[in-house]
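Subject: Handing over a structure, with notes

Dear colleague,

I am passing a structure on to you, and my notes follow below it. Please look through the structure first and then read the notes beside it.

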Amino acid sequence: METNKKHSAICVLTARGIERILAEGGSQAWVLDAKRARTSEYVVCVQNHGFADDWGRVSAPHHSAFLVGRLKDVVASQEEDSGNRWILRFSEYAEVDVPDAWPGFRNPVLYTDLERFGIDVSTLKFQPMPEQSTVPAPERKFQSLTMVEAKEGLALTFGVSPANIEIIVRG
């Protein structure tokens, strides 16, 4: 009998909800170290409501862990303009409800373990992933942004601090 075994996990702060993650076969499009990510057993998805529109179809309260996927593979994302981004594919998943799970880091990818979130693998009810379907990207309706909002959005996209974003507007 194993005691105190840590279950390695990669935690992601995602704007995608459960419906979209299941349809896409996992969580994407992440800038991460694919080799390091492949050493994780699980993926913990924490909900992010940090976008003005609901393009990802959020499904849980902000900063709550809502899904644990058993990591099957890490492959290049097929999304348009995804560049050097990756999808964390799941073989199976379990729904969870862990409020206030995000520790507040700026980088939306965290290498950790399930125990950090108080998640006990033996209590999870894993289900097989559904057949993957192609989900059309929702139409994005752009609206005006403040400089602070633009910097925060770009910082999240590129995994850097908003202080490292410079925007030049020429008229």
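If residues up to four places away in sequence are left out, S27 touches V12, T14, I21, C45, W86, I87, L88 and F90, where a contact means heavy atoms within 4.5 Å. S27 is found in strand β2, and it counts as buried because its relative accessibility is 0%; buried means under 20% relative accessible area, exposed over 50%, and partly exposed in between, with a 1.4 Å probe and protein chains only. The side chain of S27 also makes a polar contact with the side chain of W30, at 2.9 Å. A polar contact here is a pair of N or O atoms within 3.5 Å, of which, within protein, one must be able to donate a hydrogen and the other to accept it, while residues adjacent in sequence count only if both atoms are side-chain atoms.

The model is a predicted one, in which local features need pLDDT of at least 70 and side-chain atom pairs count only at pLDDT 80 or more, whereas totals for chains, interfaces and linings use all residues. Residues are numbered from 1 along each chain as its sequence is written, and side-chain values use heavy atoms, with hydrogens and water left out.

As for the overall layout, the protein chain has three helices and seven strands, which follow one another along the sequence as β-α-β-α-β-β-β-β-β-α. Helices (H or I, at least four residues) and strands (E, at least two) are DSSP runs, numbered from the N terminus. Of the 171 residues in the protein chain, 42% are buried, and the chain exposes about 10300 Å², with carbon and sulfur atoms supplying 50% of that area; accessible areas come from the Shrake-Rupley method with a 1.4 Å probe, and for residues only the protein chains shown count as cover. Among contacts between residues at least 6 apart in sequence, 73% join residues at least 24 apart.

Strand β2, residues 26-30, is mostly covered, with five of its five residues buried. It is joined by three bridges to strand β5, residues 86-98, and the two run antiparallel; within this pair, S27 stands opposite L88. Two strands are said to pair if DSSP finds at least two bridges between them. Strands β3 and β4 also run antiparallel, joined by five bridges, and V44 has V68 in β4 as its bridge partner. Strands β4 and β5 pair in the antiparallel sense over 10 bridges, where A76 has W86 in β5 as its bridge partner.

Which residues have the most contacts inside the largest nonpolar core? They are L32, V43, C45, L67, V74, L88 and F90, in a core of 22 residues. At least two residues of this core come from each of β1 (8-14), α1 (18-24), α2 (34-37), β3 (42-47), β4 (65-76) and β5. A second, separate core has 19 residues, including A9, W102, L110 and L124. A nonpolar core is a set of buried Ala, Val, Leu, Ile, Met, Phe, Trp, Tyr and Cys residues joined through side-chain atoms within 4.5 Å. L32 touches I10, A37, V74, W86, L88, V109 and Y111, again not counting residues up to four places away in sequence.

On the cysteines, if a disulfide is taken as a pair of cysteine sulfur atoms within 2.5 Å, the count comes to zero. C11 is in no disulfide, and the nearest cysteine sulfur, that of C45, is 7.9 Å away. C11 is buried, with a relative accessible area of 0%, and C45 likewise counts as buried at 0% relative accessibility.

Finally, some points of backbone geometry deserve a look. Most residues other than glycine have a negative phi, and most peptide bonds are trans. A cis peptide bond, however, joins Q28 and A29, with omega of about -10°, and A29 is found in strand β2. H63 is not a glycine but has a positive phi of about 65°; it is placed in the loop between β3 and β4 and is partly exposed, with a relative accessible area of 24%. D100, also not a glycine, has a positive phi of about 50°; it lies in the loop between β5 and β6 (109-113), and at 68% relative accessibility it counts as exposed.

With best wishes
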